[in-house]
Amino acid sequence: MECTDNIKNRFREFEDAMTSCLPKVDKKLIIELLGDLKEDEYPGYNLQIKLREGFNETSFRESILKDMGVVPAFHQDEKYGGHAAVEHRVNFKTLTYLNNMNDISYIRGSRAGGGRASIGPQLDRDEHDKIYGPSGGKA
């Protein structure tokens, strides 16, 4: 019993560390990145970045271009607000940089490259899936 209690306690500590160190980053992204970092020190990801209401698109674009060398694609929706998609190589330094930006409220992502196709903008799709389910409402 002590061994399994140790696993549960360490997992709880790990969850607390994820929440305190990278509060804006999806826990699934952190866990996936940890596994990918074993094989590749800088794996490619398609990041979906939920932006705060009233964000400055020009300032955000210039910051990402200057610091990461890529131009984010912006998506705007009346109901869900704005978000940006960035395809880039990622490590914890990258996630920390994005986590510390004031215009960002949430970061998700999926592995890109290596024969993996992008699954499109997750933030829009997630809301649709909550309403209609993964099958899109089709029986």
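A: In this predicted model, Ser63, Ile64, Asp67 and Met68 of helix 3 meet Thr94, Tyr97 and Leu98 of helix 4, where contact means heavy atoms within 4.5 Å and helices are DSSP runs (H or I, at least four residues) numbered from the N terminus. These contact residues divide into four nonpolar, two polar and one charged (Ala, Val, Leu, Ile, Met, Phe, Trp, Tyr, Cys and Pro count as nonpolar, Asp, Glu, Lys and Arg as charged, and the others, Gly among them, as polar). Helix 3 (residues 57-68) packs against helix 4 at an angle of about 160°, with the axes 12 Å apart; axes are lines fitted to C-alpha atoms over the stretch in contact, and angles run from 0 to 180 degrees between N-to-C directions. The two helices are therefore roughly antiparallel (over 145 degrees).

The other pair is helix 1 (residues 2-21) and helix 2 (residues 27-37), which pack at about 110° with their axes 10 Å apart, and are therefore roughly perpendicular to each other (65 to 115 degrees). Their contact involves Phe14, Glu15, Met18 and Thr19 of helix 1 and Lys27, Ile30, Ile31 and Leu34 of helix 2, a set of five nonpolar, one polar and two charged residues.

Residues are numbered from 1 along each chain as its sequence is written. Local features need pLDDT of at least 70, side-chain atom pairs count only at pLDDT 80 or more, totals for chains, interfaces and linings use all residues, and side-chain values use heavy atoms, with hydrogens and water left out.

Conventions: Angles under 35 degrees count as roughly parallel, over 145 as roughly antiparallel, 65 to 115 as roughly perpendicular and the rest as oblique.
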